[in-house]
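Me: I'd like to learn how to read a protein structure, one feature at a time. Could you walk me through this one?

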Amino acid sequence: MTPRRYEQRQRAEAADETRRRILDAVVQRLREAPSQAVSIDQVARIAGVARSTVYLVFGSRAGLFDAAARDLLDRSGFERVVRAVADPDARETLRGGIRGGAHTYAADRDTFRALYSMAQLDPDAVGGAIQRSEQNRARGMADLARRLAEQDALGPGVTAEAAADLLWVLTSFDSFDLLLTGRGLSADAAADVLIETAERALCR
């Protein structure tokens with residue numbers, strides 16, 4: 001390896017390490033003070049970088065929190081949901097998506113709880129990341145409902161619009177968390193309840 005390529009690799013590794021420290025700092029701050037807005041100054045201090053570095057890496061406050069939310073999903077096993085969505089059988093997508101979502105939420109429940117609670121109390125506190133994530137989930141549920149209708153999997157009288165509404169409720173973090181913490185169920189048991197509810201209410 002030439003000295004120049006070695007230096008380039010070192011710079012890339014240093015940049016990745018800085019990005020990782022900043023993302024970890026967001027999560028640390030959420031866990032330390034889940035009821036308080038997360039500021040860029042706080043994140044920079046925890047990460048041990050300058051405030052300007054955060055903006056240099058992520059571009060904006062919204063960019064930081066979008067990246068943090070995506071990183072949280074990726075580290076919590078969201079690929080299970082992605083695999084379920086790719087299944088050509090819409091009912092298998094329903095089952096796998098709900099179960100994958102349950103395990104994703106359970107992997108770091110406290111951080112997800114902090115993010116969703118903060119987004120309700122102060123939408124700007126986490127840069128609108130949760131609102132954008134929820135918009136994506138809404139589109140995903142509308143698409144799943146459409147696929148169920150196209151595959152003639154919906155029960156008599158159940159429209160795609162009504163199915164999308166119920167799927168929106170059943171795949172939410174709050175629905176899962178009520179079963180996990182409110183009823184003391186495991187992630188798998190909570191997923192079983194949500195899947196059975198969806199299939200009984202929506203499917204043939």
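**Reading a helical protein**

Reply: Let's start with a pair of helices: the axes of helix 8 and helix 9 come within 8 Å and cross at roughly 135°. Axes here are lines fitted to C-alpha atoms, for helices over the stretch in contact, and angles run from 0 to 180 degrees between N-to-C directions. This is a predicted model, where local features need pLDDT of at least 70, side-chain atom pairs count only at pLDDT 80 or more, and totals for chains, interfaces and linings use all residues. Residues are numbered from 1 along each chain as its sequence is written, and side-chain values use heavy atoms, with hydrogens and water left out.

Me: What word describes how helix 8 and helix 9 lie to each other?

Reply: Angles under 35 degrees count as roughly parallel, over 145 as roughly antiparallel, 65 to 115 as roughly perpendicular and the rest as oblique. Helix 8 and helix 9 are therefore oblique to each other. Their crossing is right-handed; a crossing is left-handed if the near helix is turned anticlockwise from the far one by less than a right angle, and right-handed if clockwise. On the helix 8 side the contact includes E134, R137, A138 and M141, and on the helix 9 side A160, A163, A164, L167 and W168. Contact means heavy atoms within 4.5 Å.

Me: How many helices and strands does the protein have?

Reply: There are 11 helices and zero strands. Helices (H or I, at least four residues) and strands (E, at least two) are DSSP runs, numbered from the N terminus. Along its principal axes, the C-alpha trace spans about 65 × 45 × 30 Å. Of the 204 residues, 42% are buried. Among contacts between residues at least 6 apart in sequence, 66% join residues at least 24 apart.

Me: How do I check the length of a helix?

Reply: The expected span of a helix is 1.5 Å times one less than its number of residues. Helix 6 (residues 90–107) has 18 residues and should span 26 Å, and its end C-alpha atoms are 25 Å apart, which agrees.

Me: Which residues of helix 6 are buried?

Reply: Here's the general idea: an α-helix has 3.6 residues a turn, so residues three or four places apart point the same way. In helix 6 the buried residues include A90, T93, L94, G97, I98 and G101. At the start of helix 6, a side-chain oxygen of D89 comes to within 2.9 Å of the backbone nitrogen of R91.

Me: Is D71 buried or exposed?

Reply: D71 belongs to helix 4 (residues 61–75) and is buried, with a relative accessible area of 13%. Its side chain makes a polar contact with the side chain of R75 (2.8 Å). A polar contact is a pair of N or O atoms within 3.5 Å; within protein, one must be able to donate a hydrogen and the other to accept it, and residues adjacent in sequence count only if both atoms are side-chain atoms. Leaving aside neighbours within four places in sequence, D71 is in contact with R20 and L23. Just after helix 4, G77 takes a positive phi of about 95°.

Me: At what angle do helix 10 and helix 11 pack?

Reply: Helix 10 (residues 173–182) and helix 11 (residues 187–202) pack at about 125°, with their axes 9 Å apart. That makes helix 10 oblique to helix 11. S175, F176, L179 and L180 in helix 10 meet A187, A190, V193 and L194 in helix 11.

Technical notes:
Buried < 20%, exposed > 50% of the residue type's maximum accessible area, 1.4 Å probe, protein only.
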